[in-house]
Structure formats: C-alpha cells, structure tokens
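Trainee: Please take me through this model one question at a time. I have not looked at it before.

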Amino acid sequence: MMDYIGGMRQRERQLPTLTLKAQANLLRVSPGSVEVFRNRHGLKGPTTALELADVSHRRWPAGVCLTAGKNLSVFTMPDHLAISDRLEPEPQTAFMIYDALFRFNWLVADGLNREAAVSSVAQTLNLSVATLDAWLNRGKHLMQQPVHEGTHRSRFSRNPLNDAQDVAFKDGLGGVRMPELPECLAPPKAEVARGLVEDIFERVGRWLREEPEMAYAALRTVTGAISSSKTQISFTKDRDKRAYLEFLERAGLKHLTRVRVRAPERELPDRVVKAHWSDQFKVPKARVVIASEVSRGHRFPFGSAQVEVKPEPKLGKSGAQNTMNALRFAVFTLMLSCAGDSTIEKTFSKEVDHQPSLA
C-alpha cells in the first residue's frame, strides 16, 4: 500500500523548472554559455529537466543514449567519480524560500508553535534555524511595510495577513495552491512566469555575491518603490531611475526596458526630448518613447520620464501583468535571501528592519 501511495505521489508531482545555474551544471558549461545553448536549440521560457534532456541527448557520452541499430560500449567504472568534485549545497532559489515559508505557516496553522515549526522545516529542507528565522522576520516586516510613513496601505499587499490562520490554504475546492503568506508575496499564478522569476533571482543573486554594496543598494531602491496598487514601479529621483535601469539590466531584462516620457508643456521637437533623456539615462534613443500625456508644470523643461518594463512576449496574453508579478516576487525573495547576510548588512547602517511598519 505504501509503495502504491508513493508511486501516486510521484506521478502527481510536477517537474520543477531548472534555474540557469542548474542547466549549466547539467550541461557542464559555464553559466554564460547556457543562453547560447538555449537559443541554438530553440529553448524559450521555463525549462524542465525533461525538456533539456530532449535537446541535449547528443551531448551524452556513449552508452547513455539507446539508439536502434547501434552497439553499446561496455561501461567501465572510472577510478574517480567526476561528480564527487562537483557536489555543492543546494542553491537558494525564490521558490525554495517560498516553500520554506509555506511549510512553516502550514505547520503553525495545524497547531505547532513557532519554535517547533521552524525547527521542523529547517531540518526537512536542510536549512539553519537562524536562516529560516531571518527570512520569517524580514518577510513579515516587508509585508507590513507602508507605502508612505503615516499611511495604512501596505507596499506589497492589498490585504496583508496577520498570521498563519489567515492563509488561504488549498482545501478541496477552496483556497489557492500557492497563496500569499504573512511573510511573503504570492508567486505569479501563471506557470510560464515562474521560470522568469528564477532567472531574475539567479542573475541578481550572482550580482549580490560579486558586488554586494552596489547590488544591494539597487535592490533596496527597487524594493522601496514597489506599490501593491500599481503595475509599473515608478521613482521620483533620476538617480533612482538609473539604479532601476542597472537592476533590470543585471536581471536580464534589458531587452524589455524603455524610458517613457511625458512631453513638456512647451512644445519641443521629439528628437530634442529623446536626445535629452537618452543622455540622462545612457540608453539608445530608440528606447525612449514619447507618450501622449503632457507633463504638468514648468519645472520639467524636457518633460518627465519613468523607466518601464514591457511585457515579455513569452508570457502570453497577460504578459504585462505576468512580467511585473515575476519581477516583484523575485525582488521580494531576493530581499529575504539577504536577511542575516553579514557581508551585506555590514555595508549599510540603516537597514530595512528599522523602517516603519503597519503593525
């Protein structure tokens, strides 16, 4: 009976999408070569191990791929297993962080106290208790962070949850499969957007490791401008818009970015306005778009500009919403991944944890 139940569980399990780093490890190529391989073999969007195997079987050594009419070479055990030198801890991913927080809330809703739930999840997922505690504390604070000091509207949620009892766990026909948690945004509902989440998480995570001060400053700038009531992320200061552009480029979304300009009140030729903003943000003129709306007031002689993210074509009819939902979820989980990181937190004396909260 137990074998039958285990088999059914395996059949029901969905194949997870692979991060770019995981694809690189499986293909035994550098992370930078993965994009070349994907383009060459027509891989687009989220990719599972099965899909990667379908296009990469020619790279497998003799004896791995069974081909009709060909003799198989005899397998000889090597003196040293190549994989032994490649073992490394399971890398953090956006959905691994969400999964840990989901499991914690499920256990608490089922009656476990916080300490026991944290200990159980940490042991199950091979995490340290300190790491999971840091994710929970940072996530709870972010979800309760107001858009502006003195307001009662959350930056990340229209209806922030107070505790695990408020989570809409899927039960029969009710609830959702991956709900919003008191410590985390709900992941994008569209499956196709989840591969984009992990790509952003992985690329920006690499930047955080290589240039922690610059990367974390940009991440915090983007986090501080998110609003649950707006699809796009907007900024007041031009320096913050430049940081956003840098963040989007590092996240692999450069091809989707543009600068949208509200024209100035006094008429200027489009070429003059485009040249100004192209120079201000160091972007090609082709990525500067003049909107039909007019910028109010005379303090913007060249109009006002915002950085926008266009829909990722691979994300379907709801591309705009899917793209921004993926970006926001990746940003949120990246902020959680930094919680407790001594290298990053030593760089900044004023942490997000010292900011106002709705609680």
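Trainee: Which residues does Thr221 touch, not counting residues up to four places away in sequence?
Mentor: The model is predicted, so local features need pLDDT of at least 70 and side-chain atom pairs count only at pLDDT 80 or more, while totals for chains, interfaces and linings use all residues. Residues are numbered from 1 along each chain as its sequence is written, and side-chain values use heavy atoms, with hydrogens and water left out. Contact means heavy atoms within 4.5 Å. Apart from residues up to four places away in sequence, Thr221 touches Phe235, Asp240 and Ala243.

Trainee: How far apart in space are Thr221 and Asp240, C-alpha to C-alpha?
Mentor: Thr221 is in helix H9, residues 212-223; helices (H or I, at least four residues) and strands (E, at least two) are DSSP runs, numbered from the N terminus. In sequence, Thr221 and Asp240 are 19 residues apart. From C-alpha to C-alpha, the two are separated by 6.6 Å.

Trainee: Is Arg194 buried or exposed?
Mentor: Arg194 is found in helix H8, residues 192-210. It touches Phe95, Arg177, Met178, Pro188 and Lys189, leaving out residues up to four places away in sequence. A polar atom of its side chain lies 3.0 Å from the backbone oxygen of Pro188. With 10% relative accessibility, Arg194 counts as buried.

Trainee: What separates the C-alpha atoms of Phe329 and Pro187?
Mentor: Phe329 is found in helix H12, residues 319-338, and is buried at 0% relative accessibility. Leaving aside neighbours within four places in sequence, its contacts include Phe95, Cys184, Pro187 and Val197. Phe329 and Pro187 are 142 residues apart along the chain, yet their C-alpha atoms are separated by 6.1 Å.

Trainee: How far apart in space are Leu336 and Gly139, C-alpha to C-alpha?
Mentor: Leu336 also sits in helix H12 and is buried, with a relative accessible area of 0%. Among the residues that Leu336 touches are Ile97, Trp135, Gly139 and Glu183. Leu336 and Gly139 are 197 residues apart in sequence, while C-alpha to C-alpha they are apart by 6.3 Å.

Trainee: How many disulfides does the count come to?
Mentor: A disulfide is a pair of cysteine sulfur atoms within 2.5 Å. Cys184 is buried at 0% relative accessibility, and Cys338 is buried with a relative accessible area of 2%. By the distance rule, the number of disulfides is zero.

Trainee: Which are the buried residues of helix H4?
Mentor: H4 spans residues 49-56, and helix H2 (20-27) and helix H3 (31-40) are among what covers its buried residues. The face turned away from the buried side carries the exposed residues Leu50 and Asp54. The buried ones are Leu52, Val55 and Ser56.

Trainee: What is the order of the three strands in the open sheet?
Mentor: Two strands pair if DSSP finds at least two bridges between them. Strand E1 (residues 257-263) and E2 pair in the parallel sense over four bridges, with Val261 opposite Ile290 in E2. The pairing in the sheet is mixed, and the order is E2-E1-E3.

Trainee: Which are the edge strands?
Mentor: Each edge strand pairs on one side only. They are strand E2 (288-294) and strand E3 (304-309).

Note on methods. Buried < 20%, exposed > 50% of the residue type's maximum accessible area, 1.4 Å probe, protein only. Polar contact = N/O pair within 3.5 Å; in protein donor to acceptor, adjacent residues only side chain to side chain.
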